[in-house]
Amino acid sequence: MSNAQEKPVENHVFEADVARLLHLMVHSVYSDKDVFLRELISNAADACEKLRYEAIAAPELLSDDPASRITLTLDVDKNTVTLEDNGIGMNRDDMVEALGTIARSGTRAFMERVEAAKAGDGAQLIGQFGVGFYSAFMVADKVDVVSRRAGSAHAWLWSSDGKGSYTVAEADLAEAPARGTRITLHLMDDAKSYTSKWSVSRIVKDQSGHVPVPIDLIEKPGAEAERIGDGSALWTKSRNEITKEEYADFYRGVSGHYDEPALTVHFRAEGRHEYTGLAFVPESKPLDLFDPEGKGRMKLYVKRVFITDDAALLPRYLRFVRGLVDTADLPLNVSREMIQESPILAAIRKGLTNRVLTAIEKLQERDETAFAKLWEAFGSVLKEGIYDDFERRSQLLVLSRFRSTASDEATRSLADYVRGMKDAQAAIYYLAGDNLDRLKASPQLEGFRARGIEVLLLTDSVDSFWVTAAPDFDGKPFKSITQGAADLAQVPKTEGGASTTPEATQAVSDFIAFAKSALGEAVSDVRASDRLTESAVCLVAPEQAYDRQLEKMLQGAGRLEAIAKPILEINPGHGLIAALASGTSDEFRTDAVQLLLDQARVLDGDKPQDPRAFAERLSRLFERALRG
């Protein structure tokens with residue numbers, strides 16, 4: 001590489017995000033730094049797969065070297081590890097783009113997680129945001145990358161010590177691969193163990209034993225290569241030939257995660273369309289689970305040739321699933337447009353989706369504890385399918401679990417709910433919001449608790465949407481307890497339950513009429529409540545309006561021009577209401593009514609509509625009380 005240094009050298013400064021990431025890598029506290037090998041091998045395998053794909057249209061790119069391979073060379077004297085592939089390679093612009101920037105979204109979230117990670121947690125995070133190359137700086141104080149893009153007459157050298165800058169220069173062809181990329185890691189003093197044949201062989205076999213490219217190891221320069229990875233595609237083997245550890249190893253390679261798969265789905269579909277599917281449900285949430293631009297992570301292969309990881313092989317609500325599909329029913333030169341419109345891919349998508357959901361169903365049947373963990377991690381995403389996927393709505397409703405007034409930390413199924421319904425109960429009741437503790441304290445629950453009626457407590461954003469799309473479960477409609485009338489009169493209160501609300505006296509009825517007049521256009525109605533037993537007031541939405549939580553969400557997203565005027569419900573049996581109804585000045589009662597409305601807003605998680613007016617009214621009432 002000495003001659004390459006005589007050519008013009010470009011000096012570059014890393015993007016701020018890369019510089020920060022490199023600092024974290026160099027000063028990492030990860031207990032398992034072996035992950036760098038998995039990441040570099042995974043990148044090399046991807047480069048070989050990309051070449052195989054491009055060679056379909058341009059066979060000359062393979063020249064006289066058609067067989068993909070990855071080679072690891074150890075040099076104990078120079079304290080280096082070199083990884084070389086004969087894949088697609090990089091030109092100058094590729095190097096600057098791929099090694100000097102982080103283009104993928106979610107980098108900031110990744111940084112925050114890495115900085116907060118405890119020792120041992122970091123290895124799980126490294127591969128999840130497309131920053132695996134930089135893990136090399138956990139073990140190396142200098143990294144040299146020489147690459148020659150397939151079909152190019154030029155090679156390029158990228159070099160960095162990981163301290164904020166890098167150089168790029170044209171490399172001599174004599175010192176570059178004929179095609180592909182060679183990465184040389186100049187190891188830190190405490191990383192000399194990575195020049196050990198035994199150590200590297202063990203790591204590669206444990207972490208990368210099933211990448212679809214053969215891996216050779218050269219113990220020292222000039223020694224004969226030894227094959228330590230045969231490049232066989234795991235998914236082509238029979239399930240009974242594959243161990244749990246081999247599945248876990250492959251999962252880590254294909255997903256970039258470092259946990260265990262919670263569920264493995266491996267099958268071969270035969271018939272009109274033939275394909276193999278290998279899908280994994282992770283044990284923990286991917287960092288980009290709620291990235292609005294996030295896509296699926298299922299790879300598409302045609303006859304073991306990698307085609308794309310952007311084929312939408314699963315619906316969006318299964319975007320946490322990792323894995324691949326390999327089919328022989330598509331042409332190798334299939335275009336992106338063909339993929340999007342292909343009826344074959346539509347059939348594969350349907351079959352794969354059914355297989356994954358069936359596997360989740362079976363997990364729920366055989367191991368409720370394992371299913372509960374899966375639901376805790378991905379339930380909020382799976383519920384998106386209730387809204388989006390009409391065909392599988394019933395199946396997803398059966399799988400769904402919810403917290404409710406009848407459970408503490410445990411969750412309940414809708415079947416559990418229906419079995420516990422009261423004889424005169426006509427609907428499945430729910431209360432939606434963004435905070436579980438606040439929901440539990442909602443005044444709207446009081447009348448339901450008094451009668452022992454279970455209410456689902458829904459805290460995920462999607463909950464407010466799927467309940468509008470799912471008309472019923474087992475013939476029972478879903479009904480928000482903050483919308484319309486409560487219709488509780490037909491259900492008697494339970495023994496020992498809170499006292500039910502008495503009928504309004506004439507004085508209270510007159511006060512309610514006064515409140516309706518005083519509030520005017522601020523509300524659509526003021527009425528006596530049968531859902532309140534302890535609180536004085538609450539707000540509900542009119543019968544034909546949106547549920548209160550859904551209305552707030554739509555308004556916050558700018559998708560609702562005007563909100564419906566709420567209904568103020570008043571507890572006719574509450575001592576405060578009785579006192580106000582017993583006779584005071586209209587001026588005082590007007591202030592009190594406005595304060596009751598603001599109190600209801602606060603109980604609903606909102607702010608007083610006019611904070612200054614609220615404060616002034618409160619001051620006037622305090623003054624009156626102090627004067628006696």
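Modeller: Buried means under 20% relative accessible area, exposed over 50%, and partly exposed in between, with a 1.4 Å probe and protein chains only. This is a predicted model: local features need pLDDT of at least 70, side-chain atom pairs count only at pLDDT 80 or more, and totals for chains, interfaces and linings use all residues. Residues are numbered from 1 along each chain as its sequence is written, and side-chain values use heavy atoms, without hydrogens and water.

Colleague: Which residues cover the two faces of strand E8?

Modeller: Strands are DSSP runs of E, at least two residues, numbered from the N terminus. E8 spans residues 215-218 and is covered on both faces. One side has the buried Ile215 and Leu217; the other has the buried Asp216 and Ile218.

Colleague: Which residue of E9 stands opposite aspartate 216?

Modeller: Two strands pair if DSSP finds at least two bridges between them. Three bridges join E8 to E9 (residues 226-229), running antiparallel. Four bridges join E8 to E2 (residues 70-75), running parallel, where threonine 71 faces aspartate 216. In E9, the residue opposite aspartate 216 is arginine 227.

Colleague: Which are the edge strands of the open sheet of six strands?

Modeller: Its order is E16-E15-E18-E17-E20-E19, with mixed pairing. E17 (residues 428-432) and E20 (residues 476-480) run parallel, joined by three bridges. Each edge strand pairs on one side only: E16 (412-413) and E19 (472-473).

Colleague: Is phenylalanine 622 buried or exposed?

Modeller: Phenylalanine 622 lies in helix H21 (residues 611-627); helices are DSSP runs of H or I, at least four residues. Its relative accessible area is 53%, so phenylalanine 622 is exposed.
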